[in-house]
Number of protein chains: 4
Amino acid sequence: MSMAALLRGYRNLYKRCNKYVDITLVSCRSMASKTPVGFIGIGNMGTPMAKNLLKHGYPVIATDVFPESCKELCDSGAQILDCPADVAERADRIITMLPSSPNVIEVYTGPNGILKKVKKGTLLIDSSTIDPSVSKEMALAAEKMGAVYMDAPVSGGVGAASLAKLTFMVGGVEVEFNAAKELLTCMGANVVYCGQVGSGQAVKICNNMMLAIGMIGTAETMNLGIRLGLDPKLLAKILNMSSGRCWSSDTYNPVPGVMEGVPSANSYQGGFGTTLMAKDLGLAQNTATNTRIPIPLGSLAHQIYRIMCACGYANKDFSSVFQFLREEGVQ
Amino acid sequence: MSMAALLRGYRNLYKRCNKYVDITLVSCRSMASKTPVGFIGIGNMGTPMAKNLLKHGYPVIATDVFPESCKELCDSGAQILDCPADVAERADRIITMLPSSPNVIEVYTGPNGILKKVKKGTLLIDSSTIDPSVSKEMALAAEKMGAVYMDAPVSGGVGAASLAKLTFMVGGVEVEFNAAKELLTCMGANVVYCGQVGSGQAVKICNNMMLAIGMIGTAETMNLGIRLGLDPKLLAKILNMSSGRCWSSDTYNPVPGVMEGVPSANSYQGGFGTTLMAKDLGLAQNTATNTRIPIPLGSLAHQIYRIMCACGYANKDFSSVFQFLREEGVQ
Amino acid sequence: MSMAALLRGYRNLYKRCNKYVDITLVSCRSMASKTPVGFIGIGNMGTPMAKNLLKHGYPVIATDVFPESCKELCDSGAQILDCPADVAERADRIITMLPSSPNVIEVYTGPNGILKKVKKGTLLIDSSTIDPSVSKEMALAAEKMGAVYMDAPVSGGVGAASLAKLTFMVGGVEVEFNAAKELLTCMGANVVYCGQVGSGQAVKICNNMMLAIGMIGTAETMNLGIRLGLDPKLLAKILNMSSGRCWSSDTYNPVPGVMEGVPSANSYQGGFGTTLMAKDLGLAQNTATNTRIPIPLGSLAHQIYRIMCACGYANKDFSSVFQFLREEGVQ
Amino acid sequence: MSMAALLRGYRNLYKRCNKYVDITLVSCRSMASKTPVGFIGIGNMGTPMAKNLLKHGYPVIATDVFPESCKELCDSGAQILDCPADVAERADRIITMLPSSPNVIEVYTGPNGILKKVKKGTLLIDSSTIDPSVSKEMALAAEKMGAVYMDAPVSGGVGAASLAKLTFMVGGVEVEFNAAKELLTCMGANVVYCGQVGSGQAVKICNNMMLAIGMIGTAETMNLGIRLGLDPKLLAKILNMSSGRCWSSDTYNPVPGVMEGVPSANSYQGGFGTTLMAKDLGLAQNTATNTRIPIPLGSLAHQIYRIMCACGYANKDFSSVFQFLREEGVQ
């Protein structure tokens, strides 16, 4: 067991006793910070994130179910291993970035999963966007092995990942937050503590549901205004100084010609794909259903993005809902 | 015909010829500015608005279908007449503030309506919130009589009306905007020009539809987050620095305890009533239907506020949708 | 004034006095039944309807804003006149079949409209599908001229019109119902009395709103079942003997392969077009908004058909919503 | 191992070889039919169902997590055991009737669950309404133990259970259907084979989603018609002979006064509770989300029943949505 892991073990002990955390331990972790970091899930997001860790001087040990996707990261100096268990054997800090809940369950608890060989005291940070209840299950499973699991889903896409401008929403025991933050700040501009494990996911789900509602609402509102004869730029300007203001109207306006530098100015290419938004809304829908909460608009937003996926908008930015609602609209 | 009206007549001539508007005429209007102003519709909103005109030194000539509602304004120094036609006979600038489209049609084109005795060149400003197509009809009818009609619906409630903090969204011929603004600035903090006649209504309808969507979305999002174990204040804080941000989350949060000085901090009393929001959404729904525009979220927002009216929320602030969706929600 | 019109005048007198209607008058009308019938609106529906009147021996005097559309009817023996007023001058029973409310208003109350020259006692039957409040207005206007107006919108499309298999939903004074029925039975298989004027429209709007909800619901349900591995024919069979049964599942199933002889078996061609359904739902939406009734599903159904119109489904049968929701659905 | 179980073992062998099933085996099962039947889940539904088995001469061995709920069944002659495992030890045909997926998982795979002591060849019939994917999991787990699992959710409430008038929708290997049917016909009037395991659940979910859509749609439609001045009985009559017809309009009309013998005639008491409908819609929502199918109306129906639960309608029949949408509707 490495020094860092040993210290992590102590820290866990402290945490469970609800005692004061000795500042020495924290500074020790800091000193130990250049030990290898594991990274599992080397896709469009994982690759630039892991490269940012390399840039900050962290050795990276990585793996992915599709070995070919590791090529770029390997060229950048990372060591590629066969499976999550192998990574867990060699790293006491591991970041996972996976497409969905089943992948997370497999990577953590599968036959070659992290928990098969995880060292006591290891810090596991899952940046996937998944069901918060799965995060809680993973945290329990990790705890049984003496490891610490935190959820830290991101806001921001491939571009933000490359520029280390992601926002991380972090859930887990607060005493471990700084340890997580040390790594996450290499990959993001904002690292926000949200509460107990699963809270990062909860915040992300909530934010993205509201984002979808705001975007579709903005698209409808702009479309209606245009049909009523208003100039779209003027309408956006007045909304943005009024109670109709939201992020989708003032920062990411879906109407071509209103703003520069957003997907609507570029045929809805790039940005945050409709499929991904539909996936996040599916998580919101499932958590709402399972907690018996009515989310009428969130639910309808989910259905609309689902229909858009079926109508050829799957790979366009989610602001293309303006185009979807408008297409041939004048007849 | 007064001097001001005479000048207005000239200005109309100029306008129709698409010619340069002589600066002299404008300054003449300015000199003539303390001639009486007509005010029709002396209700909760009309009373404080007209009192603000009096405060600025404008004589006010007013009328209302319910004479008793004029008492307060009369005590403040306004002259009360029998009907809109009588007001039109004596004032060459008239402001109307009425509940809905049929009242506007009656007050302008009814048997005792303004247009029965309106003087050529009179400036008619309608601050009611109505269907933009009715505004256009009234403008045409006024034009036939040689008068000028502008729509100038307001944003802000009784409190803003008392403090002269309303926002006016103004539609009509641009050359008349300054004339309207002179009066409207006595009653509001913002006077925004939105385009041709009906544009003020169009902007207001669009803004309020987006506002309703944002409010219900915020209520759902906060409710979901709370059920997922998040602290509401923390959730609001993170949303407000993220893409889930909107006016309802950062300025008028519907969750009790998150913000001070908003209706949710005061049992949803005061503010902007659910009935009024339902009415504005009805206008959005009608204009969208008539222009064959899909507004899926706007339409569902309308249905939700309509249901709330049926379930005892008619007189609560529209942010009470949080309570409506949550009530006994935990079971 | 013809004998029939004279008798109609008497009957109106009787009706207003709420007295017994002399059976003689009714039999007189019957005898007089082969006097010319006016027909205004010679489109896809009007043409076969008027031809069925000709088949039953009624001389037809017709007009349309597009004279070329009258060719087929003219060839069948109808007399074509210039405008509704001219028709009203010569016929004491007139049927109108027009696309929407504004056309009806124009044809009845416009400068060359029916009411300009209508004879006292004339029976006016409007088979257009329009806002019931417009029907009531027209009835009042007709009454002022001594004529009787009934609304009698149809259910069934061009095919049913050709085969005289339409259903007529009739609103108006009950004492005139038999007079209307005499003509309508030449063109339809069912003629149903629904109540006071406007009731025919109200029933049609209600029926079609429910139809749209049932159709979209059936499409969603079948789609979900298929995705869950069910055989669509078996699913339809079980639904149809259970509480999930509706007209769209047992008579007009939207899933290709489940039934023969319906549009889904023929690439969604023919049948009842998406645009027409969207129009009828717009009427439902407007009447619900104006009477302040919540119709959450009806409203969403309206939005869905509106979006379909924008996405290339305008001219397909309304059961194509199955295809719309499913397209590329499996990904 | 009992003779029946032995025969079941043979039959499984036959089934796996896709061979002809010897008629002898079937008749043997028939002869063996009065061996004890296990029944797990003795609630409002389970009690009358198990009593109907007793009436048909089947000895019943039962258990429930709440022992007190077994009293009535015990008095009727059933033997009560401690846990599902104990039942599995003594019966080779077991019926389960449980509230939701987690209970089913516990009863089958928990520490004292059926599969701990199930005998080879045992027929397990689950009549709970749960997620079809859980049914499939249970079937796999049962198969590993040499048992056969079928899902057979019911349609019909406590009344139908008492009168043995339930409908069973059965999923599982077809060769076992007759064995299941032998027992199910003691408790229901219809036993329908739906396909592979999980199909019973799938059909039930689909049917109930369509039922909810039809009911809310009918409530909206009737409410709109009433506001437009139509007589509700007449409106229902016309809908029921037209394309707006559905089970909720012609068999279970939600408007008080339209039909006798339905919950709307009895203050919405009895029938199928709003909470149960919300639960079934939650299953539809989850399966749709997980298979990425858009169900816009089904989803909104779910949200509406969820809101109704929050607004005091939890224990009323699901047709009370008419009252919910209408309450104080006229203002």
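**Reading the symmetry and the chain**

Analyst: Let us begin at the axis that relates two of the copies in this predicted model: of the residues of chain D, D:Cys246 comes closest to the rotation axis, with its C-alpha at 2.0 Å.

User: Which rotation and which shift belong to the superposition of chain D on chain C?

Analyst: Two copies of a chain are related by a rotation about an axis and a shift along it. Here chain D is brought onto chain C by a rotation of 180° with 0.0 Å of shift along the axis, and the RMSD is 0.1 Å. The same surface serves both copies, since 100% of the contact residues of chain D recur in chain C.

User: What rotation superposes chain A on chain D?

Analyst: For chain A on chain D the rotation is 180°, with 0.1 Å of shift along its axis and an RMSD of 0.1 Å. That is the relation of a two-fold axis.

User: What ipTM and pTM does the predictor give the complex, and what pLDDT does chain A average?

Analyst: The predictor gives the complex an ipTM of 0.86 and a pTM of 0.87, while chain A averages a pLDDT of 89, with 89% of the residues scoring at least 70. Over residues 1-7 of chain A, however, the pLDDT is below 50, and this stretch has twelve contacts in the model beyond near neighbours in sequence. Residues 9-32 of chain A also have a pLDDT below 50, and that stretch has 33 such contacts.

User: How many helices and strands does chain A have, and what share of its residues counts as buried?

Analyst: Chain A has 16 helices and nine strands, and of its 331 residues 63% count as buried. Among contacts in chain A between residues at least 6 apart in sequence, 64% join residues at least 24 apart. The accessible surface of chain A comes to about 12000 Å², and carbon and sulfur atoms account for 56% of that surface.

User: Where in chain A does UniProt place a domain?

Analyst: An annotation is to be read together with the geometry of its span. The unreviewed UniProt entry places the feature "domain: 6-phosphogluconate dehydrogenase NADP-binding" at residues 37-195 of chain A. In the model, the end C-alpha atoms of residues 37-195 lie 24 Å apart, and the span is 38% helix and 24% strand.

Technical notes:
Residues numbered from 1 in each chain as written. Chains lettered and ligands numbered in written order. Predicted model: local features only at pLDDT ≥ 70, side-chain atom pairs only at ≥ 80, totals over all residues. Heavy atoms only, no water. Least-squares fit on C-alpha atoms with pLDDT ≥ 70 in both. Contact = heavy atoms within 4.5 Å. UniProt positions renumbered as here; feature names shortened; annotations may be inferred. Helix = DSSP H or I, 4+ residues; strand = E, 2+ residues; numbered from the N terminus. pLDDT = per-residue confidence, 0-100. Buried < 20%, exposed > 50% of the residue type's maximum accessible area, 1.4 Å probe, protein only. Areas by Shrake-Rupley, 256 points an atom, 1.4 Å probe, with all protein chains shown as cover.
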